[in-house]
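Dear colleague,

Please find below the structure that I am handing over to you.

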Amino acid sequence: MTSLLWFRDDLRLTDHAALAAAAADPEGAVALYVLDEMSPETRPLGGAAKWWLHESLTALSSALAELGIPLVLRRGAAEQVVREVASARAIDRVLWNRRYGAERAIDARLKVRLRASGVTATSYRGGLLFEPWAVRTGSGGHYRVYSPFWRACLGAPAPAEPLAAPGALTPRATRLASELSVGLASDPLADWCLQPTSPNWAAGLATRWVPGEAAALAQLERFLATRARDYAANRDFPALDTGSELSPYMRWGEISPRTVWHAALGAAADHGVDVGVFLSELGWREFAWHTAFHAGAAEAARAADATDATDAAGGANTAGSTAPAVVLPGTALHERELNPQFDAFPWRATTEAELAAWQRGETGFGLVDAGMRELRATGFMHNRVRMVAASFLTKNLLANWRVGEAWFWDTLVDADAASNPFNWQWVAGCGADAAPYFRVFNPETQQQKFDPEGAYVERFAPHSVMLPQLVDLRETRVRALAAYDTVRNAP
Ligand code: FAD
């Protein structure tokens, strides 16, 4: 048996079920990463995400080399590339960890085609704590409100213990893997041009972040030993640096949520750290992904006919899976309104100057400006400030949430296909269990409450106080509420 291990958003060795299976192959295994910007189901990466991916693949390639597994890099439509690589080296089986967004249609089609050509295709549990089809309401539907969703998760069988990283391959398997990779041309990573050059705007990202699994595990350990103690009390105060800052690592699967979950429970048991609020934040990530999974399911089920559903549904070939029958993904979350009432919402076409002021952190509102500057400088923004900045764009400027979502997609190192559009719709008042539309964050009050000393604003946007304010908060709030009334009162 020769194995091809296909890495996607799971760039790690620990708690990687597909890797554990491939590494046990006595005939050796080759790993593959495909940069897929061609399939209709994949969303081209933003700039900050590309920078992270370059660093992450560099780290993964070294870690795999130590195990004796070569990493092949290819660019193209994944469905085609995986089959080409498999047939070029007479691969017997292809393994991967599941994904839960629109791309799972690719995996489902690929499974059918690989199997038709005599290649075994096996998928394993992916980057969620709970499989989306396993968390069901009493009537068999899926949850649309967070609290009962999270209660159901907490009442479900606990997430599995993370798997240890595999040991190095045997000398024989290493030799076979090396022979297997000969003749499998791999793109030089530099040829993908993932990193910016002129200008190199990523210097601030490199100062703040060290991508890769080793850094992710160290970050988790540091968080649990320090910030976790006061997390519940301090998490809304951006100047206090209280978050785990694990989101980019989880976005790229450099650490699995199961690893985070069990480590947090370990800190609670061993050191009495109260991790309930922290775990419930992981619950929001989970809720965003489950929402994304189910959002397209109904329309996709109608479209599904000839295609095998095992990956689309979650890989029914995996032991213990109770995945539903045919369910294929439909439209990705960033392309659809979760609340169809908002299809007719009268969003405003913002002027270029307004949008530029928001993007550059020149609105004259300190908290918004500091957040937008933190984002540009470091690829990250504190959660409370994300909410305020997003509310400012969608309510005070009345811009379609898609405009802001696209900017975050391009600039966040943790830009995530579920969490980003989910949270934008949540703030804009049109998402799942969303903040009510009439809740318009007042950036001045928010600053007084969550940055009372002005330390965060001083760190990122000391200039803001000198700027004229872009909008009148009271007038734009009234305008937003009037716009909302038009859809609320629509027949
Ligand atoms: P912590 O407070 O330490 O939380 C632990 C983990 O829980 C995070 O790493 C993250 O994985 C998860 N989490 C926390 N809050 C949320 C949330 N509201 N939704 C989903 N998961 C959450 N998060 C992303 O990972 N990617 C995104 O693209 C993204 N876009 C966002 C856009 C907007 C408009 C808003 C309001 C929020 C967005 N978030 C996104 C959620 C949240 O802001 C970040 O997850 C959080 O700031 C990351 O910091 P942390 O790792 O220190 O989080």
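How many residues surround the ligand, and which are the closest? In this predicted model, the ligand is surrounded by 27 residues. The closest are Gly 243, Ser 244, Arg 285, Asn 420 and Asn 423. By type, the shell around the ligand comprises 12 nonpolar, 7 polar and 8 charged residues. At least two residues of this shell come from each of helix 10 (247-251), helix 12 (276-295), helix 17 (383-396) and helix 19 (419-428).

I would also draw your attention to strand 4. Strand 4 (residues 93-97) is largely enclosed by the rest of the structure, because 4 of its 5 residues are buried. Strand 4 pairs in the parallel sense with strand 1 (residues 3-7) over 3 bridges, and Leu 5 stands opposite Leu 95 in strand 4. Strand 4 also pairs with strand 5 (residues 120-124), in the parallel sense and over 5 bridges; here Asn 97 stands opposite Tyr 124 in strand 5. Between strand 4 and strand 5 the chain passes through helix 4 (residues 104-116), and this β-α-β crossover is right-handed.

As to confidence, the predictor gives the complex an ipTM of 0.99 and a pTM of 0.95. The chain has a mean pLDDT of 92, with 93% of its residues at 70 or more. Over residues 301-310, however, the pLDDT is below 50, and this stretch has 26 contacts in the model beyond near neighbours in sequence. The pLDDT is likewise below 50 over residues 313-329, a stretch with 52 such contacts. Where pLDDT is low, the predicted coordinates should not be read in detail.

With kind regards

How values were computed. Residues are numbered from 1 along each chain as its sequence is written. This is a predicted model: local features need pLDDT of at least 70, side-chain atom pairs count only at pLDDT 80 or more; totals for chains, interfaces and linings use all residues. A residue is near a molecule or strand if its C-beta atom, placed from the backbone, lies within 6 Å of it. Ala, Val, Leu, Ile, Met, Phe, Trp, Tyr, Cys and Pro count as nonpolar, Asp, Glu, Lys and Arg as charged, and the others, Gly among them, as polar. pLDDT is the predictor's confidence in each residue, from 0 to 100. Two residues are in contact if their C-beta atoms, placed from the backbone, lie within 7 Å. A residue is buried if 20 or more other C-beta atoms lie within 10 Å of its own, exposed if 12 or fewer, and partly exposed in between; C-beta atoms are placed from the backbone. Two strands pair if DSSP finds at least two bridges between them. A crossover is right-handed if, with the strands pointing away from the viewer, the path from the first strand over the helix to the second runs clockwise.
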